[in-house]
Amino acid sequence: MQDINAFFDEYAKALERLNTKLMAQLYNIPCTMLSDDATTIFNDAGKLEGFFNQGVGFYRQFGIVGVRPDVWNRKPWSKKIVQVKVNWQYFDLQKKPIYNCDYHYVLKLDKHNQWKIILSVSENERERMEEWQRSIQK
């Protein structure tokens with residue numbers, strides 16, 4: 001389970017480098033993304049990468065250049081499936097915290113013994129981004 005931290009560190013580096021292709025490769029296809037507002041199922045890696053391209057546009061626009069995952073817990077569901085809670089912390093160029101948010105993931109080992117995200121659940125990202133945007137408008 002130690003390599004779960006390494007997995008999310010790799011994800012964070014891909015996000016910092018705006019490497020949406022690598023981000024998509026860290027997901028199992030098909031995969032599901034859930035939030036209170038939406039349920040999205042991706043059956044195509046290209047469409048998932050396109051979704052991530054929209055997200056990195058937001059990061060560029062608002063000066064988010066640093067990302068740090070803080071893995072809060074891991075719960076093995078089986079030998080090859082684990083549920084993970086991560087607090088994502090986002091930073092500007094001066095390494096000043098911008099906002100943070102919580103996600104729950106279900107990861108599964110693939111046939112190459114690599115972790116892949118099969119389910120991503122946003123607990124509070126939209127709310128935290130909206131709070132942050134209101135604070136910078138004041």
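At a relative accessibility of 7%, Tyr-99 counts as buried (buried means under 20% relative accessible area, exposed over 50% and partly exposed in between, with a 1.4 Å probe and protein chains only). The model is predicted, so local features need pLDDT of at least 70 and side-chain atom pairs count only at pLDDT 80 or more, while totals for chains, interfaces and linings use all residues. Residues are numbered from 1 along each chain as its sequence is written, and side-chain values use heavy atoms, with hydrogens and water left out.

Tyr-99 forms an aromatic pair with Tyr-90 that is stacked, with 4.7 Å centre to centre and 25° between the planes. Rings of Phe, Tyr and Trp (its six-membered ring) pair if their centres lie within 6.5 Å, and planes under 30 degrees apart count as stacked, over 60 as edge-to-face and the rest as tilted. Tyr-90 is also buried, at 4% relative accessibility. In the whole structure, 16 aromatic pairs are found. One of these joins Phe-8 and Tyr-105 in a tilted arrangement, at 5.0 Å centre to centre and 50° between the planes. This pair links distant parts of the chain: Phe-8 belongs to helix α1 (residues 3-16) and Tyr-105 to strand β5 (residues 97-109), 97 residues apart. Helices (H or I, at least four residues) and strands (E, at least two) are DSSP runs, numbered from the N terminus. Phe-8 is buried, with a relative accessible area of 0%, and Tyr-105 is buried as well, with 2%. Both residues also belong to one aromatic cluster, which is formed by Phe-7, Phe-8, Tyr-11, Tyr-27, Phe-42, Phe-51, Phe-52, Trp-88, Tyr-103 and Tyr-105.

Gln-89 lies in strand β4 (residues 81-91). This residue counts as buried because its relative accessibility is 14%. The side chain of Gln-89 makes a polar contact with the side chain of Arg-68 at 2.3 Å, and another with the side chain of Asn-87 at 3.1 Å. A polar contact is a pair of N or O atoms within 3.5 Å; within protein, one must be able to donate a hydrogen and the other to accept it, and residues adjacent in sequence count only if both atoms are side-chain atoms. With neighbours within four places in sequence left aside, Gln-89 is in contact (heavy atoms within 4.5 Å) with Gly-66, Val-67, Arg-68, Asp-70, Tyr-99 and Asn-100.

Arg-17 is found in the loop between α1 and α2 (20-25). It counts as exposed, because its relative accessibility is 62%. The C-alpha atoms of Arg-17 and Val-56 are 9.4 Å apart, although 39 residues separate the two along the chain.

The structure holds one cavity of 30 Å³ or more, and the largest cavity contains about 40 Å³ of space. On a 1 Å grid over the protein atoms alone, a cavity is a set of points where a 1.4 Å probe fits but cannot get out, and a pocket is an open set with protein on both sides within 12 Å along at least five of seven lines; lining residues have an atom within 4 Å of a point. Grid points are joined across faces, edges and corners, and a volume is the space filled by probe spheres set on the points. Leu-15, Glu-16, Leu-18, Tyr-59, Ile-64, Val-65, Gly-66 and Val-67 line the largest cavity. Two or more residues of this lining come from each of α1 and β3 (66-76). By class, the lining of the largest cavity has six nonpolar, one polar and one charged residues (Ala, Val, Leu, Ile, Met, Phe, Trp, Tyr, Cys and Pro count as nonpolar, Asp, Glu, Lys and Arg as charged, and the others, Gly among them, as polar).

The largest pocket has a volume of about 710 Å³. Its lining consists of 32 residues, of which Phe-51, Tyr-103, Ser-122, Glu-125 and Met-129 lie nearest the centre. Helix α3 gives the most to this lining, with seven residues. The lining of the largest pocket has 19 nonpolar, seven polar and six charged residues.

For the second largest pocket, the volume is about 180 Å³. Residues lining the second largest pocket include Asp-3, Phe-7, Leu-22, Trp-115 and Lys-116. At least two lining residues come from each of α1, α2 and β6, with the largest share, four residues, supplied by α1. Five nonpolar, three polar and three charged residues make up the lining of the second largest pocket.
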